[in-house]
Amino acid sequence: MKRSHKEDSRLYDLRCTICCAVLVLIAAIRPLHAQDVLPGSLSCHAGGADCDTLCLYSQRTDTVSVPLITFPAAFRQMKENVLTDSLGILNPFWEKLRLSRLGASADTLRIVHVGDSHIRGHIFPRTTGALMQDTFGAVSYTDVGINGAFCTTFTRPDRIADIAALHPDLLILSFGTNESRYNTMLHYRQMDDLVRMLREKLPNVPMLMTTPPGSYESFRQRRRRRTYKINPRTAVAVQTIRCYADENGLAVWDMYEILGGTHRACLNWQEAGLMRPDHVHYLPDGYRLQGELFYQALLKAYNDYVEY
């Protein structure tokens, strides 16, 4: 049966419509096949490209390498070396550090480390400071220590003013060895007095507390030579520091617990031969190890922030 002229015209129009649709579909598909396939994972190009500054897919990869630390063979029962900062108190400082490292800020970041004789000896804080400067560049690390200091030693208005005049971006408080000689309530109140006075002068500065490394008590029985025993009140002082930091919005680095706590903190240092004869202070290698550990903990916390 022959189709009418009208039917032939309709069939022709339908074929034209189908051809146009096919051409449009091919035009849409061809560029997709011509594109390079997106990589499934990030990789560095040969020639030393810096992966830390790569931001493909808006992914922040500006972390830093965390060094491994070799401990003396005597060290045992240690725990993970991390800071406790559940509220993100240190986040403003980490952000400033990140921007400085990426070259987005030319400001020098100022860290001020206040404490007792462990800080006054300079080796511990200056080890940390030098390592921070090597890693991040524009970092100033100032230690302010006094031999035999308690928290209350710094609650004089002139000393608070001296600390405030340093304009810290991060303030570190390292006490506890001398506070382990008296009761918990007094220790807590003295920490509160110091922190309150500092916050009045430095209201927006994040604070980080550290715990003491551990020490011994000395005693003599009749005419026997002086002997030493682990100071059991150090563990109480450490818990008071942690409690205060948790209740008052401060970060804390618990060196005492990380390095063995009540069972091994003192024994680790003593058996490794890193304590001075007074069994309270440490040899230079001991303080350098403390500074390296603190630096490692700071880097881990920084990486946690930039990876979040």
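Visitor: What should I know about the model first?
Guide: The model is predicted: local features need pLDDT of at least 70, side-chain atom pairs count only at pLDDT 80 or more, and totals for chains, interfaces and linings use all residues. Residues are numbered from 1 along each chain as its sequence is written, and side-chain values use heavy atoms, without hydrogens and water.

Visitor: Why is Cys-151 called buried?
Guide: Buried means under 20% relative accessible area, exposed over 50%, partly exposed in between (1.4 Å probe, protein chains only). Cys-151 has 1%, so Cys-151 counts as buried.

Visitor: And what makes Cys-243 partly exposed?
Guide: Its relative accessibility is 33%, so Cys-243 falls in the partly exposed class.

Visitor: How many disulfides are there?
Guide: The structure holds 0. A disulfide would need a pair of cysteine sulfur atoms within 2.5 Å.

Visitor: What makes Gln-77 stand out in its phi?
Guide: Gln-77 is not a glycine, yet its phi is positive, about 60°. Most residues other than glycine have a negative phi.

Visitor: Why is Gln-77 called exposed?
Guide: Its relative accessibility is 51%, so Gln-77 counts as exposed.

Visitor: Which strands pair with S4 (residues 207-210)?
Guide: Strands are DSSP runs of E, at least two residues, numbered from the N terminus. Pairing takes at least two DSSP bridges between two strands. S3 (residues 170-174) and S4 have 4, in the parallel sense. S4 and S7 (residues 251-253) have 3, also parallel. Leu-173 stands opposite Met-209 in S4, and Thr-210 has Trp-253 in S7 as bridge partner.
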